[in-house]
Amino acid sequence: MSEIVIKLENLTKNFGNFTAVDSINLEVCRGETIGLVGPNGAGKTTTIKMIAKILRPNSGKILIRTNGSELKDLQHVSSTVSQIGFLIDIPNFYNMTAYQLLKYFGKIQRYPKDKLDNRIDELLAFFKLSEWKFERVRNFSKGMVQKLGIIQAILHDPDIIILDEPQTGLDPLARIEIRKYLRELQSLGKTIFIASHMLYEISEICDKIALINYGKIIGFDTVENLALTLKTSELNCLLLEPLDAEKLPPLLNRIDERLSPFLDQNLDPKISKIPILYNPEHQGLKLYFNGKNESKGEILKILVNEFESDFTVISFTQPKTSQLERVYSKLVENSTPEGPIKLKGDDIKNEK
Amino acid sequence: MRNENASLTGLTPIFHTIFFEMKKQRKKLYFFTMVSILIAVLLSYILQLFPDNLLADTQAEFFSSGLNFISFITLFSACLFFSGIICSEFNKRTGFIVFPKINKYKLIIGKYIGNLILVVSIITAYYFVLGLFGFYYYGGPINIRIFYSYGFAVLYVIALSSFVTLFSSFMKNVNVTIIITLIILLMGFNIADQIVTLFYADMFEPLYSLAYLGNLITSVLENPFPDPRYVEYSFGGMGPGGMGGNFSYGIWVTPSIFMGTTLLLVYIIGCFILAALLFKRRQL
């Protein structure tokens, strides 16, 4: 296992009588990408602000490892924050040009002077802001300001990058660009910590998800492991050709009969009334199964071998986003300010 | 990896912040410098073109009358340059971008010094124009007392700026800070001085008042230095409805040089310490 670079120990923050962050314990290892997901007011931004030393915790510790040293208490290390790149909340800049701002940020973080201009140009070009280099920030759109916010967070090439809602205000293309850039950073071994509402982005990028509600971590694991807490999991099968509408009802009945040991027959009607659905637009089948890994293999075998004459499966996937959405809904709905409600059969992987 | 420790323990971030702040405020600098030069030209040159305005007898008197507006210039510039120094980081939420990058005290020190350099430059421009006309009308050498006056003006600006910084450390909004500090400095202290003098006459010198301490800027030009420093004016006559009698009122003209300097320094240190304590407690 790789070394821990950020460790939150019983981290607590109160605002008067309101506990925004309640004894959070979390470990982030080097090179990991962690998503912090939770509803509004769950404590995501407060946690990040404490790591950035913008807020002081009421109790608990934030331990950070930099330059291969041992874990150190953030409150006693003045330099640590400069080795982390932060994007906190919706960024607000002084009304200067993008170049003036980035130059200043680079200088105060001691980015090598001779490389700073190149670094600024490179990042502005990547985020398609080169033409706006000498424009004042007040002329920027919301999405452009957000991009500049991401640039300032990574400008000094930090090892740890902490981003709070990085996709806010961005158009779909910009989101793709940022996702692409975050993947590049992942490949460089950077540790990334993202707080977001956007489950798709989180499920696409993050290795692990920390679900937070009422200031408590109610689940922390990979999407796949968190999904084990779900009674029902989802599978998407894309077919080579559309199914004949006339033959569809008997075919679906046959599939249902054959796959019934693996399907979730007591499906929650909020999810779906039947465990097999055909979507003509996507030309695919959606199956709700019992969530066991071995069932997935069996289902695939049966669909490929026994229904060869009816259709050809060209893709067989377990969608991460919808799983995460359901894990999120389940854990958030079942959590209270006192802590998660322990559901029958639940195995909520929580606070190590 | 680079040695990041040096960036926060060293003074480099302060220097970068000073230059950045000066760039950021340059429009205000141009405006105030233009206004100061215009006022200096108006008082020292244009007014002398009118036959009713006789040129002062001595260079020191010329400087003294030319410096009548210096307290307004210092006051307005201090309020407008320093009001946002701390509270804008909170109010405009720019602190979220800069505070994780730089120690927050270093940021504020850099911003303070940057703004102070600009305000001192504005005053310097004013004194320079005044000195130029003094030389034009009276020839050299320039009266040394204008340099003393300049020194007090700089000290006064530092005291004003520390006072405004104190307000900026706990106020929420930049505009409200500007308005409140302007009201206190323009009217509050003067009204308090008059009330105190009305009740206590020469028994109590209004040394608490920044406005009063600022009188040193012009009184240091007088030779000899004003003595007594408390002056009483009396006048008599018939009032409305046949009421009449003798009236008198007193004014404290200036603090002594020693007391004035000491109290300006006390203001500076006191306001900075309080501002630092309040700023330390403040969270975004």
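This is a predicted model: local features need pLDDT of at least 70, side-chain atom pairs count only at pLDDT 80 or more; totals for chains, interfaces and linings use all residues.
Figure 1. Of the contacts in chain A with a separation of 6 or more, 72% are accounted for by residues 24 or more positions apart. The chain has 352 residues, of which buried residues make up 42%. Its secondary structure consists of ten helices and 16 strands. Taken along the principal axes, the C-alpha atoms of chain A fill a box of roughly 70 × 50 × 35 Å. The domain assignment divides chain A into domain 1, covering residues 4-221, and domain 2, covering residues 233-319. The centres of domain 1 and domain 2 of chain A, taken over C-alpha atoms, are separated by 40 Å.

Figure 2. Helix α2 of chain A comprises residues 98-108. Nine of its eleven residues are buried, and the helix is therefore largely enclosed by the rest of the structure. A residue is counted as buried if 20 or more other C-beta atoms lie within 10 Å of its own. The buried residues of α2(A) are A:A98, A:L101, A:L102, A:K103, A:Y104, A:F105, A:G106, A:K107 and A:I108. After α2(A) comes A:R110, whose phi is positive, near 55 degrees.

**Figure 3. Strand β11 of chain A and its two partners, β13 and β14****.** Strand β11 of chain A, residues 233-239, pairs with strand β13, residues 284-289 of that chain. The two strands are antiparallel, and their pairing extends over six bridges. Within this pairing, A:N236 stands opposite A:K286 in β13(A). Strand β11(A) is also joined to strand β14 of chain A, residues 313-317, by four bridges. This second pairing is likewise antiparallel. Here A:L239 stands opposite A:V313 in β14(A).

**Figure 4. Residue A:N10 in strand β1 of chain A****.** The strand that contains A:N10 covers residues 4-15 of chain A. Phi of A:N10 is near 45 degrees, which is a positive value in a residue other than glycine. Is A:N10 buried or exposed? A:N10 has 12 C-beta neighbours inside 10 Å and therefore counts as exposed.

**Figure 5. Residue A:K128 in a loop of chain A****.** The loop lies between helix α3, residues 113-126, and helix α4, residues 142-154. A:K128 has a phi near 55 degrees, again a positive value in a residue other than glycine. There are 13 other C-beta atoms within 10 Å of A:K128, so this residue is partly exposed.

**Figure 6. Overall view of chain B.** The secondary structure of chain B comes to 13 helices and two strands. Along its principal axes, the C-alpha trace of chain B spans about 85 × 45 × 35 Å. Chain B has 284 residues, and buried residues make up 42% of them. Among contacts in chain B between residues at least 6 apart in sequence, 80% join residues that are at least 24 apart.

**Figure 7. The cis peptide bond between B:N223 and B:P224****.** Where in chain B does B:P224 lie? B:P224 is part of the loop between helix α12, residues 216-219, and strand β1, residues 230-238, of chain B. The peptide bond that leads from B:N223 to B:P224 is cis, and its omega is near 5 degrees.

Note on methods: Residues are numbered from 1 along each chain as its sequence is written. Chains are lettered from A and ligands numbered from 1 in the order in which they are written. Domain bounds come from an automatic or database domain assignment. Two residues are in contact if their C-beta atoms, placed from the backbone, lie within 7 Å. Two strands pair if DSSP finds at least two bridges between them.
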